[in-house]
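Okay, thanks for coming, everyone. Let me put the structure up and then talk you through it.

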Amino acid sequence: MPDFAPDKQWIVVDTDTGIDDAHSLLYLLAQPDVEIVGITTIYGNCAVEDSARNVAYVLDVADAPRIPIYLGASGPLDGDPSIAWFVHGHDGLGDRGFERPEPTLEQESAADYLVRIANEHPGQIDLHPLGPLTNIALALEKDPELFLKFRSVVIMGGAGPYPAPGTPTVTDANTNNDRAAAEAVFGAVNNGNVIMVGVNVTSQALLEEDVTALLLGSDLPAAHFAGTILDAYNDFYQYKWGRRISAAHDGLSSVILHRPEIVTGWIEGPVDFTPAAGSLATRVALTSDGLPLVWGTPAGASTRAVTSFDLTEFRRRFVHALAYGRTRPGLDPAGRTAPAGWPNSGPSGATAPATAADGTD
């Protein structure tokens, strides 16, 4: 059992360790007030075995202390896995030839670990899923009240509320990769502590060409690694925008977990699931301006979906962490703040009283 530092934010990361997942891990590892107490792996951006290898490689290149790694599910609850090799490469890190170590894995399964750690430290640990939600659903089968025992559950997945009229419906790979798991997770009982950081906002978290150049020009191994895999990510995204830029999907969710004050708007309600363009639209069942759907709002657990954020502050914090790791002091290390009404906004172990959100302003 790790010796959790009482003055840090304790986080368990569940990851299908592709390129943006690796960036998220580097961001969290750079924070002086964060302790990653365990990492569970899942398929998605790569096979689950590669996900574990990539975690071990990130920890090595970041010169991070050993963090327990738990192997998770190799596929969805039903059917075969969909692996995004065309985005993240066959190894999950852009196929840039990294010599990844074989990881030392814990004997416990990912789902068993999630249940145990939440029950051993109720209300003190943040759960941070970055991939398909299969491990989380399997843990909920074992403990349906699991989310009541985590301090918060900040999920990179879903697509926020229904889009404004005239704008396209967006879907995300993480919920689409295991639809049954997504329904179980967003339908699970919670205490207002489940946060959706969906592709409606992560697609705006763009890293421009200068970020790649900055990282590739660094002599710091972790920074150069971050730049190398970002360059590989741009190999895919250049065909989306005609420029070598890309969206930090997982990176935005990790900065929101750590520094929720960058959130400027959100909407709350139960989640519904609608097939769209061959994928799955996982959305809070409200219109973009917070009104009920014309066919009625379904019953179910409420999720808070981020609708807007401070892009400048996100970039400042995220790029600083990737470029310098812990070689420079963290930004504002003295303590976190959060917008009024944000759940569990204090340091780990401190719980703020829940209040109503102000809508999407």
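This is a predicted model: local features need pLDDT of at least 70, side-chain atom pairs count only at pLDDT 80 or more; totals for chains, interfaces and linings use all residues.

Residues are numbered from 1 along each chain as its sequence is written, and side-chain values use heavy atoms, with hydrogens and water left out.

So, the sheet. We have an open sheet of nine strands with mixed pairing, in the order β3-β2-β1-β4-β5-β6-β11-β9-β10. At the edges sit β3 (69-70) and β10 (279-284), each of which pairs on one side only. Helices (H or I, at least four residues) and strands (E, at least two) are DSSP runs, numbered from the N terminus. Two strands pair if DSSP finds at least two bridges between them.

Have a look at β11, residues 302-309. Strand β6 (residues 194-197) runs parallel to β11, and two bridges join them; Met196 has Ala305 as its bridge partner in β11. With β9 (residues 263-276), the pairing is antiparallel and there are seven bridges. Val263 has Phe309 as its bridge partner in β11, and Gly269 stands opposite Thr303 in that strand.

While we're on strands, let's take Thr15, in β1 (residues 9-15). Buried or exposed? Buried, with a relative accessible area of 0%. For the cut-offs, buried means under 20% relative accessible area, exposed over 50%, and partly exposed in between (1.4 Å probe, protein chains only). The side chain of Thr15 makes a polar contact with the side chain of Asp21, at 3.0 Å. A polar contact here is a pair of N or O atoms within 3.5 Å; within protein, one must be able to donate a hydrogen and the other to accept it, and residues adjacent in sequence count only if both atoms are side-chain atoms. A polar atom of the Thr15 side chain also lies 3.3 Å from the backbone nitrogen of Thr17. Not counting residues up to four places away in sequence, Thr15 touches, among others, Ile39, Ile42, Val55 and Leu130; contact means heavy atoms within 4.5 Å.

Next, helix α9, residues 209-216. Which of its residues are buried? Val211, Thr212 and Leu215. Looking down the axis of α9, those buried residues fall within an arc of 100 degrees, so they line one face of the helix; the arc is that of the directions from the helix axis to the C-beta atoms. They pack against β7 (206-207), α10 (221-241) and α12 (311-324). The face turned away from the buried side carries exposed Asp210 and Ala213.

That takes us to β7, where we find Leu207. Leu207 counts as buried at 3% relative accessibility. The C-alpha atoms of Leu207 and Ile245 are separated by 5.8 Å, although the two residues are 38 residues apart along the chain. Leaving aside neighbours within four places in sequence, the contacts of Leu207 include Ile245, Ser246, Phe314 and Phe318.

Ser246 itself is in strand β8 (residues 246-247), and it is buried too, at 1% relative accessible area. Its side chain makes a polar contact with that of Asn234, at 2.9 Å. Among the other residues in contact with Ser246 are Tyr233, Tyr237 and Trp241.

And those names come back in the rings. Trp85, Phe86, Tyr233, Phe236, Tyr237 and Trp241 form one aromatic cluster. In total, the structure holds 13 aromatic pairs. Rings of Phe, Tyr and Trp (its six-membered ring) pair if their centres lie within 6.5 Å; planes under 30 degrees apart count as stacked, over 60 as edge-to-face and the rest as tilted.

Here's one of the pairs: Tyr57 and Phe98 have ring centres 5.3 Å apart and planes at 40 degrees, so this pair is tilted. It links distant parts of the chain, with Tyr57 in helix α2 (residues 48-61) and Phe98 in the loop between α3 (85-88) and α4 (110-120), 41 residues apart. Then there's Phe309 with Phe314, an edge-to-face pair at 6.2 Å centre to centre and 90 degrees between the planes. Both Phe309 and Phe314 are buried.

That's my tour, so over to you for questions.
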